[in-house]
Amino acid sequence: MKKPFQLSLLLLVFTLNAFAGEVPKSISQNIRGQVIDKQSQTPLPGVNLYVEQNGKKIGTTTDFDGYYLLENVQTGRINIYFTYIGYEPVILSNIELLGSKELVLNISMLESTAKLAEVTVIAKEQKERTKNERVNVSGRSFSIEETQRFAGANNDVSRMAANFAGVQRSNDAANDIVIRGNSPFGLIWRLEGVDIPNPNHFGGLGATGGPVSMLNNNVLANSDFLTGAFPSDYGEGISGVFDLRMRNGNYDKHEFLGQIGFNGLELGAEGPINRAKKSSYLINYRYSTLGIMSAMGINFGTGTAVPQYQDLNLKLNFPNKKIGNIQVFALGGISAIDFLDSESDEEEAGGFYSDNEDLRNRVNSGVIGVSHQYFFSNNTYSKVIISLNGIQNKTRIDTFNLDGSIISPQYGQNFIESNFQVNALINHKLNVRNVIRVGTFITRRSYNLLDSAFSYSDGGFRNIRDANGNNMLYQPYANWQWRINDKLEMNTGLHSMITPDNNQYSIEPRWGLSYSLSPNSSINFGYGLHSQLPYQLLQYRQIRQSNGSFSQPNLALDYVKSNHYVAGYQQSFGKGWNFKAEVYYQDIYNAIVDRVPNSYSSLNSGSFNFELPDSASNDGTGYNYGLDLTVEKFMDQGFYLLSTLSLFESKYRASDTIERNTAFNGNYVWNVVSGKEFLLSKSNSNARHTLTTDAKFTLAGGQRYTPIDPAASAAEGRAVYNEVDAFGAQYDPYFRADLRIGYKIAGAKITQEWAIDIQNLTNQENPFGQLYNSETNTIETTNQLGLFPMFLYRITF
């Protein structure tokens, strides 16, 4: 117990020393960045911008290349205004400005279809509009401050997004999210314009979630989250999209960050590579906290199952007017965990799956890419992104006798998938009303799937699958944005998926429309046909024949397809209040089912049902429909609130033609997250002291599950499920409350923050799953995460 005490004492001494010196009475900081045209991406010179403080305006204008520098702005919460003749004003409210870190804001302004003179700013702030201007429905932009502020978010974009309408958590242990009743496997992860594999530690091949995210929110810029009918530049997914961007590092000043919390110890740095050319770097590294504690000999109560992981986030930015803008980005992570029952104490729980079993799991994942953006004119640019990504899953399971003296290997797995992808596009702004974008994703997909199990009849290991190869995926797309006037906007496009390897293709129309009923209200409509490739382990599944050879009956599987229909209404009120309602219907066909009549469907993937059919077909169907409601108050005078209610139905039909609930048909989800920031210091004090309190509660319909058949299980001595009643049972409603309390001291050179995030504050016992105990012939229910405090310390300088 001495080591945690010594660490706490060290932090306290550092804190006192950091503020022992004299600090200016009035702490100020700089704001810098670039302003560009949203449609053409070209710089805007002469944009007026200002911050209003204490009744005075501090302002400047952008230079010829659209860059600006606003100096000596008093720190705290600020509002910043951008105005330009002929463009819609931009207002950013309640942005936190710290003395320890310059604020870099890169802004996109939209040209108005009406001829506007530069007037006093009265336009409302459109926080509800996405960064991708081609999105008309079922999308929202989110800030990284939200991932840091929301209780229970764990600095994770997926857990943060679980607060949005139409979204629910799959379970507490991982960050998989269910969007409008769809499988988590239908989510598209996109980073810096390219599709990436599962960006989570301990994530499975083909899955989209995991216990800990590799994406560090300290390096992310404001990004988009879409829940349906997304535009034509997105493909190979049927539920939703995370479209994430890394921010550029500060191009004028070197800045550093240190952070320690339950998720890891982090070190970050950013700054200029060449100040004159405004090139910059941004890098962040993290190592698991429990791994560090284990190395120090501190037992956190996890036994041998200590999660070990590391991740690295990197971005380099090289702007150049002559040859074009070049950026390099990378994200990578390695993770390992061992569940060793052979090394556990007698009083500790058994192995991961059962007693007398050891399981070792390794996951390596990453992406690296380079992009080049070239401007042919003020209205036309091209962008080419080349990337390489991959993921590796290695698992080994051993069994042993009671005294642990003999350990016998039972199963080994080594799954590798890699993708070489090129995304090329041309964007042309014909005029203020019409913008055309055409592009394509070209992906070379490689796979190497090897696993084997010990066969007592053969006296050795027998391969379950040994498949490797590569194939091509082409995704051309086109989009036309037509801004008929300042009230009416339409986006029309086509997306296509082509896989020559199995002669499959799809042509997918996309359409979205927004109409402003008034300056504060609008109606929105959207439609899209979306497709998703079959799960790799199913499509390349091998069936052993009597002569020892393998057959692959699922190579010709078609894509799973879904028609999305959405209609919405949005209303803004005074003082930052906003209301949004959307109704939707999703018609799913070509779902993958077993050729043998039973309840299996790919629409339930990600529900802890790991069985895959030997031979599959595209004869399944499904549908989702529902209503999403959002009431939100954006941060104002230190207070914010987000309340979402989703009412939905999710059904499917498998090869036995029986209509059933999907595994994700909880029927309702209600989230409320709110917080208040209290300023504890006076404006002329040496440092800005703030106390933040954030709370969240979730009430959702219970998880659907397939019940265990007690009689059949007793007869076979293992769990036997009643597949006739697949997902026919439902647990009690899910309830969870989280509380986060933070304290921040923002000085002139150093900012420090302490926070405690108490998850499942009431220690609610939410069911996780059922197990069959063959020794007692009983069915046991396991619960999800109980009361769990998480601590955080962050320093920037």
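How many salt bridges does the count come to in this structure? The count comes to 40 salt bridges, a salt bridge being a side-chain nitrogen of Lys or Arg within 4 Å of a carboxyl oxygen of Asp or Glu.

1. Basis of the values. This is a predicted model, in which local features need pLDDT of at least 70 and side-chain atom pairs count only at pLDDT 80 or more, while totals for chains, interfaces and linings use all residues. Residues are numbered from 1 along each chain as its sequence is written, and side-chain values use heavy atoms, with hydrogens and water left out.

2. K101 and E255. These two residues form a salt bridge whose closest N and O atoms are 2.9 Å apart. The pair links distant parts of the chain, 154 residues apart, with K101 in the loop between β6 (90–97) and β7 (103–104) and E255 in strand β18 (residues 255–261); strands (E, at least two residues) are DSSP runs, numbered from the N terminus. K101 is partly exposed at 23% relative accessible area, whereas E255 is buried at 3%, where buried means under 20% relative accessible area, exposed over 50% and partly exposed in between (1.4 Å probe, protein chains only).

3. R180 and E582. The side chains of R180 and E582 meet in a salt bridge of 2.7 Å, N to O, and this pair links parts of the chain 402 residues apart, R180 being in the loop between β11 (177–179) and β12 (187–191) and E582 in strand β34. R180 is buried at 2% relative accessibility, and E582 is buried at 6%.

4. A salt-bridge network. R77, E96, E145, R149, E677, R688 and K744 are linked in a network of salt bridges.

5. Aromatic pairs. A search of the whole structure finds 29 aromatic pairs, for which rings of Phe, Tyr and Trp (its six-membered ring) pair if their centres lie within 6.5 Å, planes under 30 degrees apart counting as stacked, over 60 as edge-to-face and the rest as tilted. F375 and Y381 form a tilted pair, at 5.7 Å centre to centre and 50° between the planes; F375 is partly exposed at 27% relative accessibility, while Y381 is buried at 4%. The rings of Y585 and Y623 are stacked, because their centres are 6.5 Å apart and their planes are at 20°. Y585 lies in strand β34 (residues 577–594) and Y623 in strand β35 (residues 616–636), so this pair ties together parts that are 38 residues apart in sequence.

Technical notes. Helix = DSSP H or I, 4+ residues; strand = E, 2+ residues; numbered from the N terminus.
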